[in-house]
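These are my notebook entries on one structure, written down in the order in which I looked things up.

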Amino acid sequence: MATDTNPEEYSLLDKFAGQLSRHLFFHLLDFEAGKAADAGDEQKEREVLEAKIKLLEGTNMSDYVASLYSQLHGTDPPEKYAKQRQAVLQQMEKFVQDTARLSELLITDEVVNHLRSDKVANLAFLEKEHGVTIDMVNALYDFGQFQFRCGDYQSAADLLYKFRVLSTDNDKVTNATWGKLASDILTANWDSAVEELMKVKESIDTKLFNNPRAQLDQRTMLIHWALFPLFNHEAARDPILDLFLSANYINTIQINCPWILRYLAVAIITGRGRTRNSSVHQKQIKDLVRYIRQEEYEYHDPITEFVSSLYISFQFDEAPTALAKAEQLCRNDLFLAESTDVFVDAARHLICESYCKICCKFYIRDLSEKLGLNPDDGEKWIVNLIRDTRLDAKIDAQQGVVTINHPPSNVHQQVVEKTKGVFFRTTVMSSAVSK
């Protein structure tokens, strides 16, 4: 069976380009450059290098852009980069002078101990006791933006945090929170990034409640930014998955960015090892299957096709081929590359579980073939599966046959389960109709 997948066929670079800041998008280009170098594709390397230069031209990273130019053309960079560098240094010196007084105050214990949650009171105190003005506060914001454009993300995060503590300008505070989030991502400060992510979510929910279009656009952007901590920080998995699966955000994914189902699928499937068939994980799988079924006409790739073949069409013969393509896709995706082996391992377990639920008796060699394993490894998988899921099964090692005892379904219990919430749903429906 042919399983080769063209890496470019399922590339989402064009989708991410409009949703990430240029500094975040740079990491996607850097990953593409690494793939091209590994493949020995010099033409692709040059194309990516040109794209990097164009991407960073509008930033303050003139030294770095100049080095990229020299790398691409093999010559000294144009004089304009030296002039830009000089202008950046002059501007930085001015910002340092404008913010020095307030920055010093904000690390003084005497001042910090007087600050409260009331920003107006804080500004009044600083103005009265230390001569701080609104312009000095806004200079922190401007300097934070400037440092971010220079690529000094830690300094940018510190400046934007200090600005946010004092400013009452809601628009600038919102922008500062997005900037702090980007800075935390770029410095791999994942715990702080998750906190900022939730602050941005709250800001979108509360400040844009009367502007659905803006809410949709900003939620779409936030979903793409959230992929960085989702696949780089274990503690971020649960809160970000809860965010993605909440009503507002799953609707955003279905309406505006169905390709995020790729990442949602991998995040949920790789969660199997952490949750060990918990009811939460089972519900996430059911929800994922429903969303993929609903969006099949709009978006599909080998990862969603694997889920579809396993849970929607029940084509177990197609699942191994889809999984092989999905593995190839994962290895060529910045966010999924590190999770590839865990994903394949968890996906094989899902194939086993689904196969065992449907079949009462099967040959080990048949299931091993579907898993892409030799019979010996396949037998180990099945033994581990039976132990983990506590299936009532017997293995005949000599015949190479597995027999599963499926308990007879209790019709009465099924009726009870199906009707358990009828009264509550009827009450809610009657209340809604009466309104």
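**Entry 1, the second largest pocket.** I looked up the second largest pocket and found that about 270 Å³ of space lies in it; I note here that the model is predicted. Its lining is made by 13 residues, and those that lie nearest the centre are Gln282, Ile285, Tyr311, Ser354 and Lys357. When I asked which elements give two or more residues to this lining, I found helix 17, helix 18 (302–311) and helix 20 (340–358). Helix 17 gives the most, with five residues. Sorted by class, the lining of this pocket holds six nonpolar, four polar and three charged residues.

I stayed with helix 17, which covers residues 279–295, and picked out Asp287 as one of its residues. Is Asp287 buried or exposed? I count Asp287 as buried because its relative accessibility is 10%, and the cut-off for buried is under 20%. I also looked for a partner and found that the side chain of Asp287 makes a polar contact with the side chain of Arg290, at 3.1 Å.

For the largest pocket I wrote down a volume of about 330 Å³. It is lined by 17 residues, and the closest to its centre are Ser21, Gln145, Phe148, Asn175 and Gly179. Helix 2, helix 8 (134–150) and helix 10 (170–186) each supply at least two residues of this lining. By class, I found seven nonpolar, eight polar and two charged residues around the largest pocket.

I then searched for cavities of 30 Å³ or more and found that the structure holds one. The largest cavity has about 180 Å³ of space, and 18 residues line it, with Ser11, Leu12, Glu32, Asn332 and Asp333 nearest its centre. Helix 1 (13–17), helix 2 (22–39) and helix 15 (261–269) each supply at least two residues of the lining of the largest cavity, and the largest share, four residues, comes from helix 2. The lining of the largest cavity divides into 11 nonpolar, two polar and five charged residues.

Helix 3 (residues 42–56) has 15 residues, and from its first C-alpha to its last it reaches 21 Å, which is close to the 21 Å expected at 1.5 Å a residue. At its start, I saw that a side-chain oxygen of Asp41 comes to within 3.3 Å of the backbone nitrogen of Gln43. Which residues of helix 3 are buried? They are Lys44, Val48, Leu49, Lys52, Ile53, Leu55 and Leu56, and what covers them includes helix 2, helix 4 (62–73) and helix 5 (79–105).

My last entry is on Trp381, which has its place in helix 22 (residues 375–389). I followed up Arg348 in particular: Trp381 and Arg348 are 33 residues apart in sequence, and their C-alpha atoms are 8.7 Å apart in space.

Notes. Residues numbered from 1 in each chain as written. Predicted model: local features only at pLDDT ≥ 70, side-chain atom pairs only at ≥ 80, totals over all residues. Heavy atoms only, no water. Buried < 20%, exposed > 50% of the residue type's maximum accessible area, 1.4 Å probe, protein only. Polar contact = N/O pair within 3.5 Å; in protein donor to acceptor, adjacent residues only side chain to side chain. 1 Å grid on protein atoms, 1.4 Å probe; cavity = no way out; pocket = protein on both sides within 12 Å on 5 of 7 lines; lining within 4 Å. Points joined across faces, edges and corners; volume = space filled by probe spheres on them. Nonpolar A, V, L, I, M, F, W, Y, C, P; charged D, E, K, R; others polar. Expected span 1.5 Å × (residues − 1). Contact = heavy atoms within 4.5 Å.
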